[in-house]
Amino acid sequence: MTPALSPGEIFFNLLAALFVIPVIAGIFIKAPKLIVFGFIGVLFLFSDSTWGQIEQEATLYSRGAGIFYFSLLNLILLVSGFTAFLKRLANPHSPQLAPPISKYFVAFIFLLLAHVVMGLMAGIDLNVILGYNGVFNILNMLIFMYIVIMAFESDKDSVRLLAIILVLAGVRAAFGAVRYFLFDGDSANPYRNFEGLDIKIFFFDINDNFVASLAAFCAAWLLTKPEVKLAWYTRILMLLFIGLEIAAVALSFRRSSLIGLALMLGFLFLQLPGKRKFFFALVAAVALAGVASIFFQQRLQFAADGGGVLESLIYDIAPDRGGIKENRFYELYAAAQSMDGNWLFGRGTWGTFIGDKDALSYHGNDFSFVHSGFGHVLFKTGIVGLILFCCILAAYVSFYFKHRRYLSGNAHLIADAGFAGFLFWIPTLLIGTPIIEFRSMMDLGLVLAMPFVAVGIHNYQIRRYLYQQAHYAAA
């Protein structure tokens, strides 16, 4: 819990806010792309994971939290979001940003405000109510989604967005490769540091795996789509790039990341014409066989007693794994037992659960979250909050499938990459902790924005074409 601030600290914070807020607002009004590209640069290049380190280090994402309660990055996001809201009010006739999601966004804000009121009435500190272990990062996700949509609207924007994704992902993967092959890999390595396993990993932060997977999908899309014509040397470079990004995921030994990558590649496979499907399936089968072999040899061999690949893959969730306390899902069971009849509205964003501390030792006495994104939302905000969250995702999926057939070129790639990125996060939303992670929810907000950006670019192309036709007719 963040301690109360002294009067001097409060005064300093006010002065800092009076300087920071107008600067951020001014930059966003004049150059929203600068803010968004800055966020993407931070999200793609800097890790937020300290779990697994022997000596935990402060990350870029926590800078400023001691001054503003929120981190400086989160403050920039909130100010940008509020500025975007004012900008929309000043220009109400501009194209709508994400109409299918807007009503759920408003409903979520009311839900969060209700939790704030109830929490304050119960004597809970505001910083706990709005802490990351609640559902505040869902608000961050939605705000980032909207400012990304506002920032990009033309063909040049689409090229810049794709270029920055590929370039930054390549830089991050190259950094990870040097660290993995020449040094000891990621220092955040719980398998080696906590479990004593002789394993070196590429990246532990799942967001680095997401960046690599998103870039690999974009490159594979460009290689496999019939309408994209590339020189032979460009194709070779693309194949090497894809190999590097897939290696970044495979050598990180994260099950949810590998499943997410498989979902993304499976989605691409379903879109290909017949002949290309065969070639893609052949290459993917060889790659997945290699990945599965490395994954089993390097990590899963420690997780099962003489079992096969499947038994090793689900070693901690298999039905025959002892009693409920020895199963990975015991945490969710304990959280459900702690609901105390609060299923409709949840335990509150500040809520905690109780259970066997030995079985839950990996929590480190922090029982304010669970390893399931959907389960976490249910635990904190109840059935109401979970339905609202699922409606946001369902509206996004419906929008994508409604509009994707009309898209072409870079807009088509951006939409497909966004939906593929969403597929990557599904396993983590089921069995991970993305809701409490600022970087994860920001990355999810990015992929939620991408189909809307693509449709906006497509509509911009139509408006420009109609304008040119009218101009030529008048001439």
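Me: Which residues line the largest cavity?

Reply: Arg328, Phe329, Glu331, Leu332, His371, Ser372, Leu430 and Ile431 do. A cavity here is a set of points, on a 1 Å grid over the protein atoms alone, where a 1.4 Å probe fits but cannot get out, and a lining residue has an atom within 4 Å of a point. Before we go on: this is a predicted model, where local features need pLDDT of at least 70 and side-chain atom pairs count only at pLDDT 80 or more, while totals for chains, interfaces and linings use all residues. Residues are numbered from 1 along each chain as its sequence is written, and side-chain values use heavy atoms, with hydrogens and water left out.

Me: How many cavities of 30 Å³ or more does a search of the whole structure find? And how much space lies in the largest cavity?

Reply: One turns up, and the largest cavity holds about 40 Å³. To get a volume, grid points are joined across faces, edges and corners, and the space filled by probe spheres set on the points is taken.

Me: Which helices each supply at least two residues of that lining?

Reply: Helix 15 (330–337) and helix 17 (409–431). A helix is a DSSP run of H or I with at least four residues (strands are E runs of at least two), numbered from the N terminus.

Me: How do the residues of the lining divide into nonpolar, polar and charged?

Reply: Four are nonpolar, two polar and two charged. The sorting rule is that Ala, Val, Leu, Ile, Met, Phe, Trp, Tyr, Cys and Pro are nonpolar, Asp, Glu, Lys and Arg are charged, and the others, Gly among them, are polar.

Me: Where does helix 16 bend?

Reply: At threonine 381, by about 130°. That bend is the angle between axes fitted to the seven residues ending at a residue and the seven starting there.

Me: What does helix 10 span, and how many of its residues are buried?

Reply: Buried means under 20% relative accessible area, exposed means over 50%, and partly exposed is in between (1.4 Å probe, protein chains only). The 19 residues of helix 10 (residues 206–224) should span 27 Å, and the end C-alpha atoms are 26 Å apart, which agrees. Since 19 of the 19 residues are buried, helix 10 is largely enclosed by the rest of the structure. Helix 7 (residues 136–151) reaches 23 Å with 16 residues, close to the 22 Å expected. Here 16 of the 16 residues are buried, so helix 7 is largely enclosed too.

Me: On to charges. What does the count of salt bridges come to?

Reply: Eight. The rule asks for a side-chain nitrogen of Lys or Arg within 4 Å of a carboxyl oxygen of Asp or Glu. One of them joins aspartate 157 and arginine 160 (3.1 Å, N to O). Both lie in helix 8 (residues 155–182), three residues apart, about one turn of the helix. An α-helix has 3.6 residues a turn, so residues three or four places apart point the same way.

Me: Is aspartate 157 buried or exposed?

Reply: Buried, at 2% relative accessible area, whereas arginine 160 is partly exposed at 40%. Another bridge joins aspartate 186 to arginine 179 (3.7 Å, N to O). Aspartate 186 is buried at 7%, and arginine 179 is buried at 17%.

Me: Which residues are linked in a network of salt bridges?

Reply: Arg172, Asp205, Asp208 and Arg439.

Me: What is phi of aspartate 340, and where is the residue found?

Reply: Phi is near 55°, a positive value in a residue other than glycine. Aspartate 340 sits in the loop between helix 15 and helix 16 and is exposed at 58%. Arginine 347 forms a salt bridge with aspartate 340, closest N and O atoms 3.2 Å apart. Phenylalanine 253 also has a positive phi, about 55°. Its place is the loop between helix 11 (232–250) and helix 12 (255–271), and phenylalanine 253 is buried at 0%.

Conventions: On a 1 Å grid over the protein atoms alone, a cavity is a set of points where a 1.4 Å probe fits but cannot get out, and a pocket is an open set with protein on both sides within 12 Å along at least five of seven lines; lining residues have an atom within 4 Å of a point. The expected span of a helix is 1.5 Å times one less than its number of residues.
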